[in-house]
Structure formats: structure tokens, C-alpha cells
Amino acid sequence: MNTALWIDVGAAAAIPSRGARRFMFRDTPIAVFRAGDGGLFALIDRCPHKGGPLSEGIVHARSVTCPLHNWVISLETGNAQGSDSGCTHALPVEARDGQVFVDVGALSLAASA
Amino acid sequence: MFDARSQRPRLVVIGNGMAGCRAVEEIIALAPDKYAITIIGAEPNVNYNRIMLSPLLAGEKTFDEIVINDRAWYEANAIDLIAGVAATAIDRDAKNVALADGRTVPYDQLILATGSTPFVPPVPGVDLPGVVTFRDAEDVNTMKAACDRGGRAVVIGGGLLGLEAAYGLARNGMDVTVLHLMPILMERQLDQSASHLLTRALAARGIAVMLEAKTTAFVGDGRVEGVQLEDGGFAPADLVVVSAGIRPNTALAQQAGLDVARGITVNHTMQTSDPAIFAVGECVEFEKQLFGLVAPIWDQCRALASALGGDGALHFQCSDTGTKLKVSGCEVYSAGLFAGHDRSEDIVYRDAARGIYKRLVLDNERLVGAVLFGDADDGPWYLSLIKSGESIVDIRESLIFGRAVTEALAGVNPSDAVAALPATAEICGCNGVCKGTIVEAITQKNLTTLDDVRSVTKASGSCGSCTPLVESLLAATLGDGFERGPSIKPVCKCTDHGHQRVREEILAHGLKSMPEIMQQLEWKTPDGCASCRPALNYYLLCAWPGDYKDDKSSRFINERAHGNIQKDGTFSVVPRMWGGLTSPAELRAIADVADKFNIPTVKVTGGQRIDLLGVKKEDLPAVWADLGAAGMVSGHAYGKALRTVKTCVGTDWCRFGTQDSTGLGVKIEKFMWGSWTPAKVKMAVSGCPRNCAEATCKDVGVICVDSGYEIHIGGAAGLHIKGTEVLCKVTTEAEALETIAAITQFYREDAHYLERIYKWMARVGLDHIKACIVDDSNNRRALHDRFVLSQRDAQVDPWAERANGADADEFTPLRPALAEAAE
């Protein structure tokens with residue numbers, strides 16, 4: 001069980017609808033997405049296929065299409081959809097009082113382990 | 001009676017609202033004489049039904065009609081009501097409640113039903129007269145008084161309550177505008193499609209909606225006169241109603257040292273961290289959730305009654321509830337996990353003619369969510385399926401058509417469903433054609449093909465979504481005599497329509513936004529996918545130049561960031577070099593940029609320009625600023641757009657040159673740059689048939705000859721190698737330019753998205769293109785003019801815009817404030 005480590009990554013309004021922003025936590029790129037329905041999601045910003053930046057992909061329903069080779073990744077689980085298989089890490093994310101918080105606890109432990 | 005009362009344990013309720021009173025009712029029902037009950041309420045009113053505030057405002061109900069518990073109820077149940085006096089503190093050790101008038105009320109068991117307070121954005125001007133919330137009967141009175149004076153009202157918040165307030169105000173004759181912070185109305189209940197339909201339905205009721213509108217101030221001199229928006233806009237208002245969400249009232253609980261998160265935390269029996277104190281209603285937080293809807297709050301009251309008046313066996317659980325918008329004639333219903341989640345599947349039904357949109361979300365053969373617009377009758381049925389969690393595998397085919405159809409078809413093989421339909425069943429919603437009419441036409445007029453049926457009955461002739469049904473009817477009626485026509489390749493899995501049909505419908509119905517297309521053409525997914533969204537965005541851009549606002553979120557990253565993404569996530573930058581010409585100043589600027597930004601690779605491209613590779617995304621605007629300062633603009637090397645116009649040196653230098661090929665190439669490029677096209681367009685001008693500019697493998701090529709210019713089209717030298725075909729020969733540069741613009745515009749308006757010119761030409765035929773461009777000079781002129789019109793808005797350098805700060809978020813990473821401090 002990882003210890004939660006919630007960090008404030010910026011204003012919720014800064015995450016565009018059907019879009020994403022990214023930030024670095026230590027050496028790990030993390031993408032924060034907003035789906036068309038307003039839902040916020042966070043994934044490690046690396047496609048399980050060739051490491052493409054998912055934050056640059058087109059967001060549709062609750063998935064994102066990787067800009068490099070069109071793999072479709074679930075925003076909720078980080079799993080590749082359809083016939084592709086692979087997974088990137090999904091991180092808990094919450095909006096509180098207009099700010100977005102991402103729980104990077106899983107990364108923190110992995111990094112110090 | 002007083003004596004009997006004094007023997008009983010004292011139950012005190014803070015809060016005379018719906019939750020507090022309902023809890024008391026439930027307790028009395030279970031244990032009529034168990035407690036001596038006191039209710040403390042800060043409002044002077046008796047308990048009334050807040051859910052009915054909207055009908056009260058709309059004039060559909062009177063205050064008396066929305067009273068739940070009148071004075072007689074308190075008396076009949078021997079409840080001591082302390083109304084109009086606020087509770088100010090709880091002394092948990094002494095077990096009493098202090099009141100504002102100095103009294104104290106002792107308790108054995110205490111219930112907190114303190115409710116919530118409307119959230120009002122902390123901006124200047126909130127205290128101006130004319131700015132109200134929509135929370136209690138007093139607010140409704142203020143709003144009604146404002147309506148009597150008439151004028152303009154602004155409602156802040158496009159949630160359920162805000163829209164109901166807007167509707168009530170509009171009913172009372174106000175000119176109403178709703179400002180909503182999010183891009184979707186009622187975003188907790190609706191998706192984009194339903195929000196779009198709702199926006200239109202509200203507009204029809206005189207209510208304007210502004211989405212993504214952030215209030216920065218309420219403005220007025222002594223009284224509110226309007227709302228200032230973050231984007232610089234201003235919404236004039238004589239009345240402002242703030243309905244931007246609620247905050248649980250937790251001050252008393254907090255002061256008393258109870259556990260409080262966003263709300264007062266309770267367990268399954270509604271008990272707080274003090275075993276003698278319970279909480280219920282909107283002030284409560286349970287399993288990290290807050291509650292604003294009535295159904296779960298009623299469940300809380302039953303659980304609380306079970307704990308205080310029964311055996312405590314009934315536990316509160318968060319369960320799905322349905323939400324219905326109470327705006328007359330505007331049926332909107334939402335239940336469960338409407339937004340879908342991993343593994344979930346959507347069933348989407350759209351009936352454009354009747355303005356209906358239904359979306360069901362399935363997970364593992366169970367219904368988990370539903371959004372209904374236009375026909376919400378089956379909402380409660382869907383909710384019951386969501387709550388029961390039963391498998392819908394047997395009724396999946398008919399589920400979206402509702403309870404009546406599903407029950408009628410129970411046990412019927414889905415493929416026989418069409419045969420089982422009654423003759424009066426409507427097959428084609430667009431043209432109102434029922435099954436009987438189609439079958440009669442088939443048998444009496446000996447129709448054998450889909451086209452026959454279309455031309456005779458009009459069924460499937462508009463949006464085409466009932467085509468499979470009509471085909472099934474043909475097959476069922478004719479038996480083996482029916483052969484299905486060739487199938488059209490759909491745009492993507494979100495629709496059955498092909499590209500051509502989509503383009504035709506955009507023009508035929510004047511569809512000007514993506515949600516409109518998806519509704520009209522009955523898209524099967526809520527917001528499309530990475531294949532159809534860029535296509536639709538292009539079609540809209542092409543159909544409505546200057547009018548349609550480009551949708552960034554539907555652009556592939558290269559077109560969104562105006563550079564080519566590389567395998568490592570960096571970008572390449574290719575400035576335009578008109579006709580392949582450059583200068584020492586441009587080359588110096590490129591060299592300086594490469595040094596300044598540590599650009600690792602500088603390469604000459606096949607299109608006669610220079611590629612800077614490995615530029616970090618956040619450096620792009622600064623790189624463009626430096627290139628722009630030297631006069632360079634975007635080369636659109638990243639876009640489905642005009643790329644390069646390659647040239648040879650022509651009569652300026654070449655001993656074989658027949659015309660000024662370089663000059664013509666520059667003219668073409670200056671005329672055509674910035675234009676978005678279905679797929680990339682590469683051009684070239686060669687000064688003689690030796691063809692040094694390789695014009696015969698370009699999308700459009702010009703070969704100069706002594707007597708003029710040969711215009712070639714449909715070449716390719718990529719995945720496929722294909723030489724061009726000669727379209728025509730013209731004698732002047734002006735004719736060449738007009739012809740090239742006309743071809744490009746014809747291609748822009750006619751081709752499928754991502755279809756290169758050579759593929760388009762193979763599909764429609766060179767003869768057809770010749771007939772439209774070469775033989776028909778009026779059409780050529782008209783196409784040219786439409787191209788010129790679309791260029792008026794297209795020739796804005798996207799790099800300069802971004803170097804000047806446009807889209808800054810796109811190029812700026814988030815900077816977590818605590819990332820390192822948190823270690």
C-alpha cells in the first residue's frame with residue numbers, strides 16, 4: 001500500500017476540456033486530462049507502446065489517442081483499448097476549491113525504493 | 001401531556017428544514033412516544049418544500065402549496081418549535097445547545113440538520129442590491145419583485161437549480177442569460193450532446209446560455225447593473241441570481257469539535273464522531289460524498305430513524321438516483337454513471353427530427369447510467385435497472401427503445417424484430433414514414449432496391465440512419481428477391497454515414513457545430529473519436545469560412561501545436577521559404593535560433609526549405625518569435641494544408657527556362673498559404689519539360705512551356721508513386737492561378753478527409769474534374785472566388801499569433817507548487 005502524496009498542480013481551469021496539461025514529478029512526466037464530460041484524470045505521460053506523450057493526444061469520451069501511433073488509452077485505468085495491450089499508470093486526481101491535486105504517492109515510493 | 005413529555009429522553013433537532021423535519025417524521029412513525037422533541041430553526045417559516053422553489057418562482061405553485069409541515073403538525077406531534085432563533089453553540093459535555101437569545105436547550109440526543117449555504121463567488125460587488133441566491137422563499141420573493149419591474153436577469157450557474165431559476169425568471173417575463181463556468185450545462189448530469197440540445201431548447205424559451213463564462217465582478221452604482229466576465233465580456237443585468245453550488249453548514253459542528261471534512265462526517269447510521277450527535281441532509285458528508293438531491297437524503301432520514309427510533313438495522317448507503325430538470329416541456333433525465341468509465345459501452349440513440357437523444361451506459365451487461373433528452377418517460381425504468389444491477393443481455397437490442405418496446409419484443413429474435421413491428425411503427429423518423437407505407441409501396445409498386453424505396457416513400461432519404469431497417473423490410477417483404485446494395489464505408493465506428501453524406505448534410509441542414517452534426521446524423525458515441533473529430537472540424541471549417549470557430553481539441557497535435565511531433569515528444573520547425581527562395585538574413589536568423597535554443601538537428605527538406613528538429617515544446621513560441629522577427633512565417637509542414645511550392649530557377653537563370661517558374665511558384669505560394677485542405681497539398685512549378693522541380697509527382701504541378709502553362713494534378717511520391725495527369729493548358733499566369741485555386745477549392749469541398757488529390761481523382765474521375773474546372777468557366781470562377789473568400793480568414797500566421805501569447809497554456813507545462821517541497 002502506497003502512502004498518498006497529494007500535490008497541487010495548478011488551477012482546474014487551466015486543464016482544457018478534451019485536452020491535457022503535463023508536469024514533471026522528479027523525472028516522470030505526468031499528464032492531467034479533462035474529458036468532454038468534465039472529468040479529470042491523471043496518467044503517467046508515456047504510451048505503453050513506444051512511450052509517446054499521451055498529453056498531446058486527442059481526448060474522446062474517456063480515452064485518449066496517442067499522437068505517435070494511434071493507440072487508444074483509457075483515461076481511467078491507463079489500459080490500452082481494443083486489440084492493443086499494455087498499460088500506463090493511472091494516478092488519483094481530484095479538484096478541490098478550483099485547484100487540481102494529483103496523488104503521486106505511488107511514484108514517490110517507487111522512486112525511493 | 002407535559003408530564004409525559006418530561007419523562008422522555010430529549011431529542012433536539014437543529015434545523016427546521018426538509019431533512020430535519022423528515023427525520024423527525026420518520027422517528028415518530030417508528031417510535032411515536034419515545035422522545036420529547038424540540039426543533040430549532042433560524043428561519044421564521046414553518047417547514048416547506050425547497051424542491052418546489054422553482055415552481056414557486058415560475059408561478060406554478062403558491063407558498064401554501066409547498067408547505068410540508070404547518071403549525072398544526074408540530075402541535076399534533078407535541079413538537080416544541082423554536083423558530084426564528086439560531087443555535088449558536090453546542091456544549092457536548094453539558095449536552096446542551098446555546099441559542100442566539102441566550103437560552104440553552106438540553107438534549108439527550110442531538111440531530112444536526114443545518115443544511116447548506118449557497119456558494120457565492122468571492123468577487124467584488126457580491127453585496128450589491130439585486131444580487132441574490134436561490135435558496136429560500138425569501139429569495140423567491142426578491143426575484144419575483146424584480147420580475148415585476150422587468151428587465152434583464154443573469155443567472156450564475158447552469159446546474160439544475162440555476163436552470164430552473166432561469167426558467168422561472170423567463171416565465172415571469174425577464175430577459176434571461178445563464179452564465180456557466182463549465183463547457184457543459186448541468187455537467188454533473190449531462191454530456192455534451194444533451195447539453196447542446198438543452199442550450200437550444202432554452203434558447204427557444206428565451207434563455208441565452210454562455211458557457212465557460214467566469215464571473216470576475218458584479219458591477220453597479222448602488223445596485224447591480226451587470227456582470228463582468230474574465231474574457232472581457234459584460235452581461236448587463238437588473239437582477240443577478242447566484243446558483244453556483246452549495247457548501248455544507250458545518251460551523252456549529254466544527255466549533256463543537258466534531259469530525260468535519262467538507263461536510264459533517266457520519267457513519268452508516270448517520271452518527272457523527274460524538275455518539276449522542278447525529279447529522280442528516282445537505283450538511284452531511286458520507287463516504288466522501290455530499291448530498292444535494294432529495295432521494296438520498298430521504299434514505300438518510302430512514303437510516304437515522306432506524307438508529308434513534310428502531311433497531312438500527314437500516315443502514316444508509318450511497319445509491320444511484322435519477323435527476324430530472326423541472327423545466328416545463330423540456331424533458332431531461334440523468335441517472336447513474338452517465339459519463340461512462342473503463343470497460344463501459346455506450347448505446348446512443350438520436351432522433352434528429354424529434355430532438356431526442358438517449359444514451360445508455362453499460363458495464364459488463366448491466367446498465368450503469370442513462371442520459372435522456374427529449375423523451376424522458378423511461379427514466380425511472382432505467383433507474384430501476386441501474387439499481388437492480390440485473391443483467392440486460394437478453395433485452396440489450398431493444399433497451400434503448402424503452403420499456404414498452406422491450407417488453408413487447410421480449411422473447412422475440414432480434415432479427416425478426418422488424419417483422420414483429422406493427423404496420424403503424426415509424427421506420428423513418430426524418431420523413432415520418434411508417435412500416436405499413438413502406439411494405440405497401442414495395443408490394444404494390446414492385447420495388448426491389450433501397451433506392452426505389454427511397455424515391456417512392458422518402459424513407460431513409462434524409463439522415464439515412466434507418467437504412468438497415470428499410471433494407472430489413474425489403475428483405476422480409478421480398479424474400480430472396482432482394483439484394484443489398486454496395487455498402488458505404490463509414491467515416492469511423494462512431495457512425496454509419498460515409499464522408500460524402502456527412503458533408504452534404506452539413507450544407508443541407510446548415511449544421512455549424514460538431515454537436516449539431518452528431519445529433520443530426522445520429523452519431524453513436526457521445527463525442528466522436530480521434531478519427532471523426534478532425535474530419536468534422538475540417539468539414540465545418542471548409543463549409544463555413546470565417547464563421548466556424550476552429551476546435552483545438554479536434555486537431556491532431558501537429559496542427560494544434562503548429563509543429564511536427566517527433567518520436568521523443570519534441571517538435572520540428574519548418575519556416576516557409578516562398579518558392580524555395582531564401583536570403584542571407586533568413587539563413588542567419590535560422591542559424592541564430594538553432595544556436596540560441598540548442599536545436600540539435602538542422603536539415604534541408606525535400607520541399608526546398610529548412611527543418612529545425614528537436615525543438616522543445618515550451619521553446620516553440622520563442623523560436624517562432626525570433627523567426628518572425630526575420631520575416632518568416634509558418635511553413636505548415638505539419639498540417640493537412642498547403643505545404644510547399646517547389647520551383648526551379650526558370651528564365652531568371654536557366655538557359656532552358658521557358659517562363660518565370662520561380663516567380664509563379666512564389667505567387668502561387670503567397671496566394672495559397674494558410675489554406676486547410678482534406679490532406680496535405682504539395683505543389684511545384686517547373687520552368688521547362690525537363691521538370692527539375694519534379695512537378696509531375698505533386699498534388700498540383702505546373703510545367704512551363706513556350707506557349708504557356710500545363711496544369712497537372714494527382715501526382716504522388718510517397719506510399720504510392722504516381723505521375724500526374726494533365727488537366728489543361730493555359731496561356732497566362734493569371735489563368736494558371738485561377739485554375740489552381742479552383743482545383744484546390746473543388747478538392748477542399750468535395751474530397752473525404754485525409755484523401756489526397758490523386759485518390760480523390762481516382763474516385764471522382766479526371767473527366768469529371770475537367771468538366772467542372774476546365775469546361776465550365778462559370779464554375780471555375782465561382783470556385784476560385786470561394787477559395788479567395790476562405791483565404792481571407794485563413795492567412796493569419798499561426799506562429800505570430802502564438803509568439804504573441806495566443807494559446808499560451810498549450811506550450812506551458814504545469815508547475816506543481818509543492819512537488820519538491822512535498823518530498
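The exercises below, each with a worked solution, concern a predicted model with chains A and B.

**Exercise 1. Determine the strand order of the open sheet of 4 strands in chain B, and state which elements pack on it.**

Begin with the order, which is 30-31-33-32, with antiparallel pairing. Next, look for strands that pair on one side only: these edge strands are strand 30 (564-565) and strand 32 (601-604) of chain B. Helix 22 of chain B, residues 584-596, packs on this sheet and touches strand 32 and strand 33 (610-615), and the direction of the helix makes about 15° with that of strand 33. Helix 23 of chain B, residues 620-629, also packs on the sheet, where it touches strand 31 and strand 33, its direction making about 5° with that of strand 31. Finally, examine the pairing of strand 30 with strand 31 (residues 571-573) of chain B, which run antiparallel and are joined by 2 bridges; here B:Ile565 stands opposite B:Phe571 of strand 31.

**Exercise 2. For the open sheet of 3 strands in chain B, find which strands stand at the edges and what the average twist is.**

The order to start from is 15-16-17, again with antiparallel pairing. Strand 15 (215-219) and strand 17 (234-236) of chain B each have a single partner strand, so one side of each is left without a neighbour in the sheet. From one strand to the next, the twist averages 20°. At the level of residues, strand 16 (residues 226-229) and strand 17 of chain B run antiparallel and are joined by 3 bridges, with B:Gln228 standing opposite B:Phe234 in strand 17.

**Exercise 3. Identify the residues that touch the most other members of the largest nonpolar core, and list contacts of B:Ile39.**

The largest nonpolar core holds 55 residues, and B:Ile39 and B:Leu112 are those that touch the most other members. If residues up to four places away in sequence are not counted, B:Ile39 touches, among others, B:Val13, B:Cys21, B:Val24, B:Trp73, B:Ile79 and B:Leu81. Another core, of 49 residues, lies apart from this one, and its members include B:Ala535, B:Ile590, B:Val593 and B:Ile599.

**Exercise 4. Describe the interface of chain A and chain B by its contacts, its buried area and its salt bridges.**

Take the contacts to begin with: 33 residues of chain A are in contact with 41 residues of chain B. The two chains bury about 3000 Å² between them, of which 56% is on carbon and sulfur atoms. On the side of chain A, the residues that lose the most area to chain B are A:Arg18, A:Glu56 and A:Ile58, which together account for 23% of what that side buries. The rule finds 3 salt bridges across the interface, and the side chains of A:Glu56 and B:Lys617 meet in a salt bridge at 2.6 Å, N to O.

**Exercise 5. Classify A:Gly52 and B:Val796 as buried, partly exposed or exposed, and locate each one.**

A:Gly52 lies in the loop between strand 4 (40-44) and strand 5 (58-60) of chain A. Its relative accessible area is 1%, and because buried means under 20%, A:Gly52 is buried. Beyond neighbours within four places in sequence, A:Gly52 is in contact with A:Asp45, A:Arg46, A:Cys47, A:Cys66 and A:Leu68.

B:Val796 is found in the loop between helix 29 (777-794) and helix 30 (798-803) of chain B. With a relative accessible area of 40%, B:Val796 is partly exposed. Leaving aside neighbours within four places in sequence, its contacts are B:Trp673 and B:Glu801.

Technical notes: Residues numbered from 1 in each chain as written. Chains lettered and ligands numbered in written order. Predicted model: local features only at pLDDT ≥ 70, side-chain atom pairs only at ≥ 80, totals over all residues. Heavy atoms only, no water. Pairing = 2+ DSSP bridges. Contact = heavy atoms within 4.5 Å. Axes fitted to C-alpha atoms, helices over the stretch in contact; angles between N-to-C directions. Core = buried A, V, L, I, M, F, W, Y, C linked by side-chain atoms within 4.5 Å. Buried < 20%, exposed > 50% of the residue type's maximum accessible area, 1.4 Å probe, protein only. Buried area = accessible area lost by both parts, 1.4 Å probe. Salt bridge = Lys/Arg side-chain N within 4 Å of Asp/Glu carboxyl O.
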